[in-house]
Each structure stands twice: as C-alpha cells, then as structure tokens.
Amino acid sequence: MKQLKLAYSTLMAKHGMGATLFVAIAVTLWVVVFITLPQLSMLDYSFRFNLPADQIGTEADHYTLEQYRGFFFNADGSLNSLDLMILVRTLVAAVVVTLIDVIICYPIAYILAHGAKEVAARLMVIGLIIPYWINEILRAFAFRVLFGATGVINTVGMQIGLWDAPVDFIRADVALYFGLSYAYILLMIFPMYNAIEALDHTQVEAARDMGAPLWRVHWRVVLPVAKPGIVSGATMVFMLTAGALAAPQILGGPSSLWFTQLIYQWFNESSNWPRGSAYAVMLLLTCISFVLLTMRVFKVSVGEIGK
C-alpha cells in the first residue's frame, strides 16, 4: 500500500493531478470490473447447484460444496483420479514449457541487453515481434502443419534419412510443447531483458579479467540481477500455459486432454456452469499457490517482480 501511494505521489509530481486521477480511475475500473467482479461471480457460481432456470432463486437454490466434492470424488465416493491427473499433467506441462522458454530466452535477452549493437538489437526485437502480428490460432495451425505426418519436419527428416516412417509429433505432444513455448516467448524475453539491462557490464568484464569462466560469470554476476525478470516472465508463461485452450485443442493429441478443455466442456457442452466454475477456481488456486511457492523458493518478492 505504501508503494502504491508512493507511485501515485511520484506520478502527481511529474504529470499533475489530472493525469494521476485518470490513471487511478482507469486502473481501478480495470481491476474491479474486468478482474475482481468476474472472479467473484464465478466463485459464487461454484457454490451453487446446477438448477433449471425456473428454480433459480427458490429454496432449492442455496450454497453447497457439491461442485468441489465432484472435483475430488466420483458419484460412488471413489477418488476422481481422472480429473486430478489431468490437472497434474497440465501443471507439469506448464512447468516444462516455462523451463523451455527460460532456456531459450535467457541467452537472447542477454545478447539484446549487452551483446548486440543498437541497430542489431533493434532488428532482433523487430524479428521477434513481427511474427506475433499473425493471429494466435493461425500460428497454432502453422505448427500443426510443421509437425504433421506429411508436414515439413517429417518430410525433411525422411528425405535426409533421419527416420523411415513419419513420426507422430501430434500424439507425442511435441507440437503442443513447441507451439506453447513459441506462443508466450515474448513474455519471457522482455522481463529478462529489462532486468539484465540494469546490470553494469563492467562487473561482467571484471569477473572475466579475474579468470572466472563464462558459466560462473552468469551464475554469480548475471543471474542474481536477472532473477526478478526470470521469475516475472516465468510466472506469466506458466499461468498462461496452464490456462491455454486454443493451442491444446489444435495441437494436442487424442490422449492429451488439457484441464482447460475440461472446464470448457462443463461450461459449453454440459451446460453445468457451477461445476465449470468450481474447476476454474481450483485451477486458479492451484496455479497461484504454485507461483507463490516458487517465489518463496527463489526468494523473490512481488515488489521485485513489478520493477
């Protein structure tokens, strides 16, 4: 709260009362109308029975834990291992995609911040941004074309003799992992870049002059500075990957049901909004808990991520 007051005080000192009020009102409306109220409405739905329209508001319409019980247990009282395993598989996949993006984006962010000259850095940024002018769904279908049985990768692989028969990259979820990693790569690069850019490059040069190998320079000098940016980017990539719907539907194999697809089925195919809301709440709480645990493990605060 103190940091928020300080931010508004700084904004007022620089731009005046009008700009400060505009920002305060816009942020408040965004947080309340587009984030808080929909989440509260979904939370309310998750504690309701799935009733016909003519019974809503009657005595039968009261709060219950039935939807959450249905998430954990089947009708016969046995553990709902199917849905729980789908949630676990979704979270594991989100972690894998996040790690892939960290490995790919760290060297790119470092080169942008301290390796490339001004013109080269701008060209690299343009090269990263321009592909995202294409719609996300079209990019997902492009990955399906690349990794399909008759796609470019299978065709080239068989022509140069790497394998004799087409590899089913779709069923193996290879296309899904690559597609999701590519979909959110910018959200990983730019937080890393912002953090690494703040590093004084003379520290890297001093470490190299004293004989430190390259891996140790990055481990002891660069990574401590880049850590808030890495955690910030990883948080966004993890949350968006766990909540992705279009890419899993387009690139996922027949046995790789995503948890968001379960939520979609409850809402749209079963018309059971209370159960869908309960599943959505469980996904949200699980993801937030995982992110907070990760921040605690890496000793990064919310304030550091927001810098």
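Me: Why is Tyr184 called buried?
Reply: Tyr184 has a relative accessible area of 9%. Buried means under 20%, exposed over 50% and partly exposed in between, with a 1.4 Å probe and protein chains only; Tyr184 is therefore buried. This is a predicted model, in which local features need pLDDT of at least 70, side-chain atom pairs count only at pLDDT 80 or more, and totals for chains, interfaces and linings use all residues. Residues are numbered from 1 along each chain as its sequence is written, and side-chain values use heavy atoms, without hydrogens and water.

Me: Where does Tyr184 lie, and which residues does Tyr184 touch?
Reply: Tyr184 belongs to the loop between helix 7 (174-183) and helix 8; helices are DSSP runs of H or I with at least four residues, numbered from the N terminus. Leaving aside residues up to four places away in sequence, Tyr184 touches Asp101, Tyr132, Glu136, Val237, Leu240, Thr241 and Ala244, contact meaning heavy atoms within 4.5 Å. Val237 is 53 residues from Tyr184 along the chain, yet their C-alpha atoms are separated by 6.0 Å.

Me: What makes helix 3 and helix 8 oblique to each other?
Reply: Helix 3 (residues 81-115) packs against helix 8 (residues 185-197) at an angle of about 45°, with the axes 8 Å apart. Axes are lines fitted to C-alpha atoms over the stretch in contact, and angles run from 0 to 180 degrees between N-to-C directions. Under 35 degrees counts as roughly parallel, over 145 as roughly antiparallel, 65 to 115 as roughly perpendicular and the rest as oblique; the two helices are therefore oblique.

Me: Which residues make the contact of helix 3 with helix 8, and what are they by class?
Reply: Among them are Asp101, Tyr106 and His114 of helix 3 and Met188, Tyr193 and Glu197 of helix 8. By class, this contact has 15 nonpolar, two polar and two charged residues. Ala, Val, Leu, Ile, Met, Phe, Trp, Tyr, Cys and Pro count as nonpolar, Asp, Glu, Lys and Arg as charged, and the others, Gly among them, as polar.

Me: How do helix 5 and helix 7 pack?
Reply: Helix 5 (residues 136-147) and helix 7 pack at about 145°, with their axes 10 Å apart. In helix 5, Arg139, Phe143 and Phe147 meet Val174, Ala175, Phe178, Gly179, Tyr182 and Ala183 of helix 7. The residues of this contact divide into seven nonpolar, one polar and one charged.

Me: What is the helix content of residues 21-40 and of residues 174-193?
Reply: Residues 21-40 are 100% helix and 0% strand, with end C-alpha atoms 26 Å apart. Residues 174-193 are 95% helix and 0% strand, with end C-alpha atoms 28 Å apart.
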